[in-house]
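Me: Got a model open and want to talk through some contacts. Can you take my questions as they come?

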Amino acid sequence: MKFYWVIYLNLLLASQFSENKVDSFIISERLLPFKTFVGNTYLGKIENSKIKKAQSEKCTWEWALNGSAVRMLRSINGNEYQTETIIIWDPNLKRLVGWSFSSSGNFVKKFIEIKKKKIIITEDVSDNSNGITTIRTSYISGYDGFMSRVTQYLMRGVWVDGNESNYQKLKTNE
């Protein structure tokens with residue numbers, strides 16, 4: 001019995017000091033690459049936009065569902081347009097997927113890849129009428145609280161540059 005008690009205590013201690021532990025839950029191994037982004041809110045300016053007026057973007061990353069998902073909240077021009085994306089591991093597809101919902105009533109399934117400090121999100125939008133079939137958005141974690149986002153569009157088999165944002169991490173009380 002003492003042997004089992006020692007094992008239990010060791011496991012308990014190991015879980016308390018786990019690199020994957022946040023607050024009272026353990027982060028899914030598949031989501032560890034998001035650790036750089038999660039817990040942060042970034043504010044940026046959208047560059048190369050087709051819309052003439054200046055656009056700002058706020059992007060917040062959070063753990064969700066007790067560490068088994070990541071929530072990304074984006075807000076354009078002070079909540080003029082919003083999206084919320086939930087990213088999870090899909091055991092059937094054996095890859096990260098996300099569902100994104102927007103304030104305009106749209107929702108879309110996204111596929112996520114992680115490459116070093118870059119998160120690449122791809123979505124199929126082939127049912128629209130503007131010739132764009134796929135959107136690819138890359139989030140890149142930089143130094144000293146910096147993050148960037150680059151969006152590209154697949155039109156007639158060619159990747160076309162879209163807009164981009166450079167963000168600075170906000171302090172926790174902003």
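Me: What do the side chains of Arg-71 and Glu-84 meet in?
Reply: A salt bridge, at 3.1 Å from N to O. The term covers a side-chain nitrogen of Lys or Arg within 4 Å of a carboxyl oxygen of Asp or Glu. The pair links distant parts of the chain, with Arg-71 in strand β5 and Glu-84 in strand β6, 13 residues apart. Strands here are DSSP runs (E, at least two residues), numbered from the N terminus.

Me: Before I go on, what am I looking at, and how are things counted?
Reply: This is a predicted model, where local features need pLDDT of at least 70 and side-chain atom pairs count only at pLDDT 80 or more, while totals for chains, interfaces and linings use all residues. Residues are numbered from 1 along each chain as its sequence is written, and side-chain values use heavy atoms, with hydrogens and water left out.

Me: How do β5 and β6 pair?
Reply: In the antiparallel sense, over eight bridges, with β5 running over residues 69–76 and β6 over residues 81–90. Two strands pair if DSSP finds at least two bridges between them. Arg-71 stands opposite Ile-86 in β6. The two strands form a hairpin with four residues between them, and Asn-77 in the turn has a positive phi of about 50°.

Me: How many salt bridges does the structure hold?
Reply: Six. One of them joins Glu-57 and Arg-149, whose closest N and O atoms are 3.1 Å apart. That pair links distant parts of the chain, Glu-57 in strand β4 and Arg-149 in strand β11, 92 residues apart. Glu-57 is buried at a relative accessible area of 0%, and Arg-149 is buried at 2%.

Me: Switching to rings. How many aromatic pairs are there?
Reply: Five. Rings of Phe, Tyr and Trp (its six-membered ring) pair if their centres lie within 6.5 Å; planes under 30 degrees apart count as stacked, over 60 as edge-to-face and the rest as tilted. Phe-37 and Trp-61 have ring centres 4.9 Å apart and planes at 35°, so that pair is tilted. Phe-37 lies in the loop between β2 (25–26) and β3 (41–47) and Trp-61 in strand β4 (residues 56–64), so the pair ties together parts that are 24 residues apart in sequence. Both residues, Phe-37 and Trp-61, are buried.

Me: Which aromatic pair does Trp-61 form with Tyr-139, and how far apart are the strands in sequence?
Reply: An edge-to-face one, at 5.4 Å centre to centre with 90° between the planes. Trp-61 is in strand β4 and Tyr-139 in strand β10 (residues 132–141), so the pair ties together parts that are 78 residues apart in sequence. Tyr-139 is buried, with a relative accessible area of 2%. Phe-34, Phe-37, Trp-61 and Tyr-139 form one aromatic cluster.

Me: What about charges over rings?
Reply: Arg-30 lies over the face of Trp-89, at 3.9 Å from the ring centre. The charged end of Arg-136 sits over the ring of Trp-159, 3.8 Å from its centre. The rule asks for NZ of Lys or CZ of Arg within 6 Å of the ring centre and within 35 degrees of the ring normal.

Technical notes: Buried < 20%, exposed > 50% of the residue type's maximum accessible area, 1.4 Å probe, protein only.
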